[in-house]
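Here is a short briefing on selected local features of one protein model. Please keep the structure open while reading.

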Amino acid sequence: MTEHDDHLIRVAALGGRVRALAVDATQVVRKLVEVHGTAPAATAALGRVATGALLLGALLKQEQHLVTLRVRGDGPAGTVLASANGRGEVRGLISNPRPDIEQVRNGKLNVAGAVGRHGHLTVVRDMGMRHPYNSTVELVSGEIGQDLAYYFTRSEQTPSALGVGVFVDRNGGVDAAGGYLIQVLGGLRDDEVEQMEAEISALPHPTTMLRAGETPERILARVFGDAFQVLHRGPVRFHCPCDRDRAERALRLLGGHALEELRHDEAERGHSDVVCEFCGTRYRFTLADIDRLIADAA
Ligand code: ZN
C-alpha cells in the first residue's frame, strides 16, 4: 500500500476568479472501512461521500461549522452519509455496509449498484444558527461525483468540476482515496474557460494521481501550472465527536415510559449499551444509571 499524508488544500487561481480544492483522504477512508466493515462497492460509495463532505467542509467559514452530505438512493446500500467540519474532521455511515450485489461491474466498482440510480442528495450546513440550511437535488447517476457536480451547478449556481474516487485493492483495502473541486466564481474569458476545461478533462482519475504519489498541490498544478495561491493547507482525519454525555442525552430523549421498558428488557443482562452508529464506541449504562434517568424524567 502506498503511503499517504492526508491533507487538503484550498487555493485561489486565475487571480481569485477560480477556487480550487484538492484532498488526499486515503487514511480517512481506511478508517471508515475499519469502523464499518464495508465491502468494496460500499467502501467506494462511503469514501466518495466522505471525500465530498471534506471538500464541502473546507468551504465553511468557521472551524466548528458542520456540513453533512446525505445520499438516499433506491439501492441496497441505503443511506450513505458523511459530516465534516471546518477543521477537516469527518465521520460517516452507510445503512448497509455489505450489500449483496456484484462488487465490480464493467471493470469498475459498482457504486451506482450499491447506492441506486434514483433518489436524492441533500447537503445540510449547520452554521450554529437556529435552523440548519439544507438543499436537495435528485440523483443523476448514483456515482456520487456526478451527483455532487450537479448539486453545485443546480443548487448553488456555481459551475463546478469535481472528481472523487476510492481505489480498492484486491484484498478490499484502500490504496488511495481523494478528490478535487474546481469552481468558477466569475469573470473568466472564453479562452480561459476553454483552456481550463481542457486541462480538467485531461486530468487522470484522482486515485490514479494519488497512487502515483502525487500530492493535492501537484494535482492542482496540473490544471493551473504555478498560477495559484494556496489559501489553506491542513490535515484531514476521521473523528467522531461522540461521548458519554451525548449517549446519555440520547437515552433521556426516549422519555420515562420507554426508559422503563428498556430497564425491563435489560434487567437480566444488568446493563444497556448505547452504540455510536458513526464510530462503534459502546457506552454502557447500568440498571442504576437507567433508574437515575427514569427518576429524572418523572
Ligand atoms: Zn462516535
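The notes below cover a helix pair, a strand residue and a surface patch. The model is predicted.

**Helix pair H8 and H9**
- Two packed helices are described by the angle between their axes and the distance between the axes.
- Helix H8 spans residues 244–266, and helix H9 spans residues 287–297.
- Their axes come within 8 Å and cross at roughly 95°.
- H8 is therefore roughly perpendicular to H9, because angles of 65 to 115 degrees count as such.
- On the H8 side, the contact is made by Arg244, Glu248, Leu251, Arg252, Gly256, Leu259, Glu260, Leu262, Arg263 and Glu266.
- On the H9 side, the contact residues are Leu287, Asp289, Ile290, Asp291, Arg292, Leu293, Ile294, Asp296 and Ala297.

**Arg19 in strand S2**
- Arg19 sits in strand S2, which covers residues 18–24.
- Arg19 has 27% relative accessibility, so it counts as partly exposed; that class lies between the 20% and 50% cut-offs.
- Arg19 and Gln183 are 164 residues apart in sequence, yet their C-alpha atoms are 5.2 Å apart in space.
- Gln183 is also one of the contacts of Arg19 once neighbours within four places in sequence are left aside.

**Surface patch around Met129**
- Met127, Met129 and Tyr133 make a nonpolar surface patch of about 320 Å².
- Met129 is in the loop between strand S8 (119–126) and strand S9 (133–138).
- Met129 counts as exposed because its relative accessibility is 61%, and the cut-off for exposed is over 50%.

Key:
Residues numbered from 1 in each chain as written. Predicted model: local features only at pLDDT ≥ 70, side-chain atom pairs only at ≥ 80, totals over all residues. Heavy atoms only, no water. Patch = residues over 30% accessible without salt bridge, like charges linked within 9 Å, V, L, I, M, F, W, Y side chains within 5 Å. Areas by Shrake-Rupley, 256 points an atom, 1.4 Å probe, with all protein chains shown as cover. Salt bridge = Lys/Arg side-chain N within 4 Å of Asp/Glu carboxyl O. Helix = DSSP H or I, 4+ residues; strand = E, 2+ residues; numbered from the N terminus. Buried < 20%, exposed > 50% of the residue type's maximum accessible area, 1.4 Å probe, protein only. Contact = heavy atoms within 4.5 Å. Axes fitted to C-alpha atoms, helices over the stretch in contact; angles between N-to-C directions. Parallel < 35°, antiparallel > 145°, perpendicular 65-115°, else oblique.
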